[in-house]
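Biologist: I'd like a close look at one spot in this model, and then a walk through whatever else stands out. Here is what I have on screen.

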Amino acid sequence: LIQASKDSSQSVRLMAVGSLAVYQDPAVVGAIEAATQDPSPAVRRVACYQLGEFGSSAAVPVLTKALMDPDDSVRASAALAIGKTQGKSAIPQLKTYLKDDNKLTRVSAAEGLAMLGDRSGFDVAMSLAKDPQRDVQLTAIDALGWYKDPVIIPLLESISQGTDAGIKQAAEKSLARVRAAH
């Protein structure tokens with residue numbers, strides 16, 4: 001798989017990078033980190049996601065660099081991955097992305113900050129919790145659950161009454177996280 005992560009075919013590289021983290025082997029981390037520089041935004045996005053799945057703060061420098069990627073989805077994936085790695089050293093960089101032009105990047109930065117215990121992105125998550133763009137709304141709802149602030153319970157209860165099953169499930173999951181914290 002490490003060799004396949006360097007293949008000339010984007011679909012082969014994407015499959016390889018997406019599969020490498022399954023092994024939870026430190027030897028594959030270098031290949032995943034290298035994939036954050038791949039020509040394909042899809043491969044870079046998956047590489048960031050996989051680094052987050054490893055959960056190692058050693059990946060924070062690579063993920064922080066990925067926050068500057070020209071592709072919105074890569075920046076969003078890097079922001080979430082930083083939260084998963086508990087890379088508190090990246091909090092200042094994440095805060096700058098709370099004002100990104102792209103809503104998904106902003107709310108992903110808010111969720112990454114929430115995972116790190118930093119409340120800087122709370123207002124961003126609140127403002128996007130009812131966004132018409134589904135992926136933005138889902139990320140905002142998940143971010144709110146990480147903040148564990150009881151002030152959001154009425155909003156999450158309201159959202160959980162909607163018709164979209166995925167949105168309802170996300171709101172219920174976040175409600176459970178908030179209620180468990182209090």
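What does Val22 count as, buried or exposed, and what is its relative accessibility?

Modeller: Keep in mind that this is a predicted model. Val22 has a relative accessibility of 65%, and since anything over 50% is called exposed, it counts as exposed. To find it, go to the loop between helix H1 (10–20) and helix H2 (26–35).

The axes of H1 and H3 come within 9 Å and cross at roughly 5°, so the two helices are roughly parallel. On the H1 side, the contact is made by Gln10, Arg13, Leu14, Val17, Gly18 and Ser19, while H3 brings Ala42, Val43, Val46, Ala47 and Gln50.

Now for the charged pairs. Arg44 pairs with Asp69, and their closest N and O atoms are 2.7 Å apart. Arg44 is in helix H3 (residues 41–54), whereas Asp69 is in the loop between helix H4 (60–66) and helix H5 (72–85), so this pair links distant parts of the chain, 25 residues apart. Asp69 counts as buried at 9% relative accessibility, and Arg44 is buried too, with a relative accessible area of 9%.

Another salt bridge joins the side chains of Asp118 and Lys95, at 3.7 Å from N to O. Here the partners are 23 residues apart: Lys95 is in helix H6 (residues 91–96), and Asp118 is in the loop between helix H7 (103–115) and helix H8 (122–128). Asp118 is buried, with a relative accessible area of 13%, but Lys95 counts as partly exposed at 36%.

Next, look at Arg134 and Asp164, a salt bridge with its closest N and O atoms 2.8 Å apart. Arg134 is in helix H9 and Asp164 is in the loop between helix H10 (153–159) and H11, so the pair ties together parts that are 30 residues apart in sequence. Arg134 is partly exposed, with a relative accessible area of 42%, and Asp164 counts as partly exposed at 30%. There is also a network here: salt bridges that share partners join Asp72, Arg75 and Asp100.

His182 is exposed, with a relative accessible area of 59%. Not counting residues up to four places away in sequence, it touches Lys148, Asp149 and Pro150. For a sense of distance, the C-alpha atoms of His182 and Gly30 are separated by 40 Å, and these residues are 152 residues apart along the chain.

Lys148 deserves a glance for its backbone as well. Most residues other than glycine have a negative phi. Lys148 is not a glycine, yet its phi is positive, about 55°. You'll find it in the loop between H9 and H10, partly exposed with a relative accessible area of 35%. Gln86 is another non-glycine with a positive phi, about 60°. Its place is in the loop between H5 and H6, and it is partly exposed, with a relative accessible area of 40%.

How values were computed:
Residues are numbered from 1 along each chain as its sequence is written. This is a predicted model: local features need pLDDT of at least 70, side-chain atom pairs count only at pLDDT 80 or more; totals for chains, interfaces and linings use all residues. Side-chain values use heavy atoms; hydrogens and water are left out. Helices (H or I, at least four residues) and strands (E, at least two) are DSSP runs, numbered from the N terminus. Buried means under 20% relative accessible area, exposed over 50%, partly exposed in between (1.4 Å probe, protein chains only). A salt bridge is a side-chain nitrogen of Lys or Arg within 4 Å of a carboxyl oxygen of Asp or Glu. Axes are lines fitted to C-alpha atoms, for helices over the stretch in contact, and angles run from 0 to 180 degrees between N-to-C directions. Angles under 35 degrees count as roughly parallel, over 145 as roughly antiparallel, 65 to 115 as roughly perpendicular and the rest as oblique. Contact means heavy atoms within 4.5 Å.
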